[in-house]
Amino acid sequence: MREPGFETLCQHAGEDPTRYLGAVVPPIYQASLFTSPDCDTFVHRAERYPQVYDYTRVANPTTDILQAKIAAIEHCEAARCFASGDAAVAAAILHCVGAGDHVVAVDTVYGPTKAILSNYLARFQVSTTFVPGTEVDDFARAIQPNTRLIFLESPSTMVFRLQDIRAVTALAKERNIVTALDNSWCSPYFQNPADMGVDLVIHSATKYLGGHSDLVAGVVAGARTHVDAIASREGSLLGSILDPFAAWLMLRGLRTLALRMERHQSNALAVARFLEQHPRVSRVHYPGLPSHPQYELGRRQMRGTSGLMSFELKDATREDVFRVLDRLRYFRIGVSWGGFESLALPVRFPAPPSPPECWGARIHVGLETVEDLLEDLDNALAED
Ligand SMILES: *Cc1c(COP(=O)(O)O)cnc(C)c1O
């Protein structure tokens, strides 16, 4: 028997219809608590889990199906879901550090991740060194005797920088440092960080895993020892659990993850190529283009590229970018990404080697008809 493929796992992993009257869609166990048939079962409920459930802050059958499925597609032993991607990021970090510890993180990580590390954790005597992360030496130089965690985001979600995941995890393992990677951009369809030695794989499931812009959720996946500790401490004690209804919605989203990612990729490649040859565009940041400085590295560690990219407009002011984006019809102005819809945001690029006042946009390429998206961008970019 062959190992089940990605699409098969999305449909079947973690599911046992005989446990719920044969229903092809697992039920939402929208219950805060579970009762025991007798006191003996109640007293031994922890040992009898998952035949016996107890309290939804600790575990819920709908969420458990989802967690088993995500663990399978991320090639991890276990996964724990959270109320948001940020809750998952915070849980993974808090699992690794205590007072006096040090973290090395990529300087282009998601803004709130940076805020947790630099502002919030400073109150608890946890310090962080931020590095560009495009060279393995960036990490080697930043590691201190008290470094407990290396936090990666590859590709990062504004300028889409990559880290050499295999090289960084090898370095970390020599020194007994845990590695975590925010894999939201790729989704497990395009990248499995655990196969490259990453200990904790994190998702904002609000993005591609949910995929329909109707839920907020996060995931931490990894070895059972890590995930069990995270589940019982940061998960159950701090309490930012995923609601069973949101878990059920994500199960529905995962049914089509592979199909959606393929279409995000083909639409995004067409858009990126269109933007790259457009006379008003000076630069496109997209790891799927051969012009991306780390294109070759990307091909070694990702199986494909998703729908989020950014581009710089030639000699543009903020107002120029506003004018272009306000003319868009299908790309709506908004944060987040990973859903069915195309989105755009004005962006000021701080990252070298761009000039200091360089304006452009971040866009999410959705699942609309690609010709419509190209025409929309073409109209918006037409000179005033
Ligand atoms: C959105 C996002 C998060 C945070 O996720 P929420 O679900 O919004 O809390 C974390 N990392 C990345 C890369 C994101 O884009």
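1. A word on terms before we start: a residue is called buried under 20% relative accessible area, exposed over 50%, and partly exposed in between, with a 1.4 Å probe and protein chains only. By that rule Asp107 is partly exposed, with a relative accessible area of 26%. Please keep in mind that this is a predicted model, where local features need pLDDT of at least 70, side-chain atom pairs count only at pLDDT 80 or more, and totals for chains, interfaces and linings use all residues. Residues are numbered from 1 along each chain as its sequence is written, and side-chain values use heavy atoms, with hydrogens and water left out.

2. The partner is Arg161, and the closest N and O atoms are 3.7 Å apart. Arg161 sits in the loop between strand S4 (147–153) and helix H8 (165–174), while Asp107 sits in the loop between strand S2 (102–106) and helix H6 (111–120), so the contact ties together parts that are 54 residues apart in sequence. Helices (H or I, at least four residues) and strands (E, at least two) are DSSP runs, numbered from the N terminus. Arg161 itself is buried, at 18% relative accessible area.

3. How many salt bridges does the structure hold? The count is twelve. Another one pairs Asp40 with Arg48, with 3.0 Å between the closest N and O atoms. Here Asp40 is partly exposed at 43%, and Arg48 is partly exposed at 32%. Arg318 and Glu319 form a salt bridge too, their closest N and O atoms being 3.5 Å apart. Arg318 has 40% relative accessibility and Glu319 has 41%, which makes each of them partly exposed.

4. On to the rings. Rings of Phe, Tyr and Trp (its six-membered ring) pair if their centres lie within 6.5 Å; planes under 30 degrees apart count as stacked, over 60 as edge-to-face and the rest as tilted. That rule gives nine aromatic pairs. Tyr49 and Tyr53 make an edge-to-face pair, at 5.3 Å centre to centre with 80 degrees between the planes. Tyr49 is partly exposed at 38%, whereas Tyr53 is buried at 10%. Why is the pair of Tyr120 and Phe124 tilted? The ring centres are 5.6 Å apart and the planes are at 45 degrees, so the pair of Tyr120 and Phe124 counts as tilted. Phe6, Tyr189 and Phe190 are linked into a cluster by ring pairs.

5. The charged end of Lys114 is over the ring of Phe130, 5.1 Å from the centre. Lys207 lies over the face of Tyr110, 5.4 Å from the ring centre.

6. Do have a look at the backbone. Most residues other than glycine have a negative phi, and most peptide bonds are trans. Pro50 is in the loop between H3 and H4. The bond from Ser154 to Pro155 is cis as well, with omega near -10 degrees, and Pro155 is in the loop between S4 and H8. That loop also holds Phe160, whose phi is positive, near 60 degrees. Phe160 is buried at 0%. Ser187, in helix H9 (residues 187–190), has a positive phi near 65 degrees and is buried at 0%.

7. Last, the cysteines and a surface patch. A disulfide is a pair of cysteine sulfur atoms within 2.5 Å, and the structure holds zero of them. Which cysteine sulfur is closest to that of Cys96? It belongs to Cys76, and at 14 Å it is too far for a bond. Cys96 is buried at 13%, whereas Cys39 is exposed at 63%. As for Val58, this residue lies in the loop between helix H3 (45–48) and helix H4 (61–73) and is partly exposed at 40%.

Note on methods:
A charge sits over a ring if NZ of Lys or CZ of Arg is within 6 Å of the ring centre and within 35 degrees of the ring normal. A salt bridge is a side-chain nitrogen of Lys or Arg within 4 Å of a carboxyl oxygen of Asp or Glu.
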